[in-house]
Amino acid sequence: MTSSAHDRILPAIALRLVSVVFLATMAALIKLAEAGGAHLSEILFFRQAVGVPLVAGVIAAGPGLATIRTGQLSAHILRAVVGLVSMTCLFTAVTMLPLAESTTLQFTVPIFATILGALVLKEPTGWHRWLAVAAGFTGVLIVARPGTGHFALWGTLAGLTAGFLTAVVSILLRRIGRTESAFTTVFWFATLSMVPLSVIYALDHQAHPLRIWLLLLGIGVVGNLGQIALTSALKLGPVSVVVPMDYSSLLWATLYGWVLFGALPGVATWIGAPLIIGSGLYIVWREHVRHQTETEQAIA
């Protein structure tokens, strides 16, 4: 690894770790806001409303507002629809499940991405990764324990649906990313999702004490800062290096769950989570190996 490459990877890892802290903090704030009486529609509205001026400011200070022009508006609309449904499912899981368990279910994204890559993009997927997929879903069954009533069924289904739809978004972003920058994509997602969210918020908003307004504002600020840091990390370092940092979110979710809500993960989560995490790490590593092999063959 060259010195310049090494200098870019270290900031990439640092940014990804920072994004994990922001997004884990957002999940904790969501849970606190919902417990204080905030509706899901209000939480979604503030998560996105803060993002429009924040991301626009980052773009203005960087590449310039002219870069938000797009020739793929229909693709951005589809991404916004899928992304908004995914976010709704994720926030539902956060409000209905303990933080550690809702976070663990999000680790299924690489598993679903592998399945979608094979079925939709016709990507070569060997038996190594199919075994990793099987191991990951075994971990999900251990954590969720379907039929036992240990966790809210709808919360578990919402968490898994969020993982699946996040994987769908990753497929869409691969296509949009051929011509659009990451910040342009984030801007259009925030802006387009505000159309339905504004209508819903107008019909469902309510009065709150100052503490809840501050929590809602905090959700928007830390959520969007986390999104910006996450996006920036991928510009500096390869996926195989930065994505494994996401699994540190389980540590923060466990800490927040214990400090704020007096909840610690059960034994099943400690058994199932390593299976899901190991599956995701192996899938990312195999993807790295595949890309490396393809590059070497192209050079040869």
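User: Is Phe46 buried or exposed?
Analyst: This is a predicted model, in which local features need pLDDT of at least 70, side-chain atom pairs count only at pLDDT 80 or more, and totals for chains, interfaces and linings use all residues. Residues are numbered from 1 along each chain as its sequence is written, and side-chain values use heavy atoms, without hydrogens and water. Buried means under 20% relative accessible area, exposed over 50% and partly exposed in between (1.4 Å probe, protein chains only). Because Phe46 has a relative accessibility of 15%, Phe46 counts as buried.

User: How many of the 10 residues of H2 are buried?
Analyst: Helices are DSSP runs (H or I, at least four residues), numbered from the N terminus. In H2, the buried residues are Ser41, Glu42, Ile43, Leu44, Phe45, Phe46, Arg47 and Gln48. H2 is therefore largely enclosed by the rest of the structure, and the number of buried residues is eight.

User: What is the distance, centre to centre, in the aromatic pair of Phe45 and Tyr201?
Analyst: Rings of Phe, Tyr and Trp (its six-membered ring) pair if their centres lie within 6.5 Å; planes under 30 degrees apart count as stacked, over 60 as edge-to-face and the rest as tilted. By this rule there are eight aromatic pairs. For Phe45 and Tyr201, the planes are 10° apart and the pair is stacked, with a centre to centre distance of 4.1 Å.

User: How many residues apart are Phe45 and Tyr201?
Analyst: Phe45 is buried at a relative accessible area of 15%, and Tyr201 is buried at 14%. Phe45 belongs to helix H2 and Tyr201 to helix H9 (residues 182-204), so that the pair links distant parts of the chain, and the two residues are apart by 156.

User: What kind of aromatic pair do Phe46 and Tyr201 form?
Analyst: Phe46 lies in helix H2 and Tyr201 in helix H9, 155 residues apart, and their pair links distant parts of the chain. The ring centres are 6.0 Å apart, and with 80° between the planes the pair is edge-to-face.

User: Which residues form one aromatic cluster?
Analyst: Tyr201 pairs with Phe45 in a stacked arrangement, and Tyr201 also pairs with Phe46 edge-to-face. The one cluster consists of Phe45, Phe46, Tyr201 and Trp213.

User: At roughly what angle do the axes of H2 and H4 cross?
Analyst: Axes are lines fitted to C-alpha atoms, for helices over the stretch in contact (heavy atoms within 4.5 Å), and angles run from 0 to 180 degrees between N-to-C directions. Leu40, Ile43, Leu44, Arg47 and Gln48 of H2 meet Met87, Thr88, Phe91 and Thr92 of H4. The axes of H2 (residues 40-49) and H4 (residues 73-96) come within 11 Å and cross at roughly 125°.

User: Which word describes the direction of H5 relative to H12?
Analyst: Angles under 35 degrees count as roughly parallel, over 145 as roughly antiparallel, 65 to 115 as roughly perpendicular and the rest as oblique. The axes of H5 (residues 99-106) and H12 (residues 249-261) come within 8 Å and cross at roughly 160°. Their contact includes Leu99 and Thr103 of H5 and Ala253 and Phe261 of H12. The two helices are therefore roughly antiparallel.

User: What separation lies between the C-alpha atoms of Pro11 and Pro98?
Analyst: Pro11 is part of helix H1 (residues 3-35). Pro11 counts as partly exposed because its relative accessibility is 33%. Pro11 and Pro98 are 87 residues apart along the chain, and their C-alpha atoms are separated by 31 Å.
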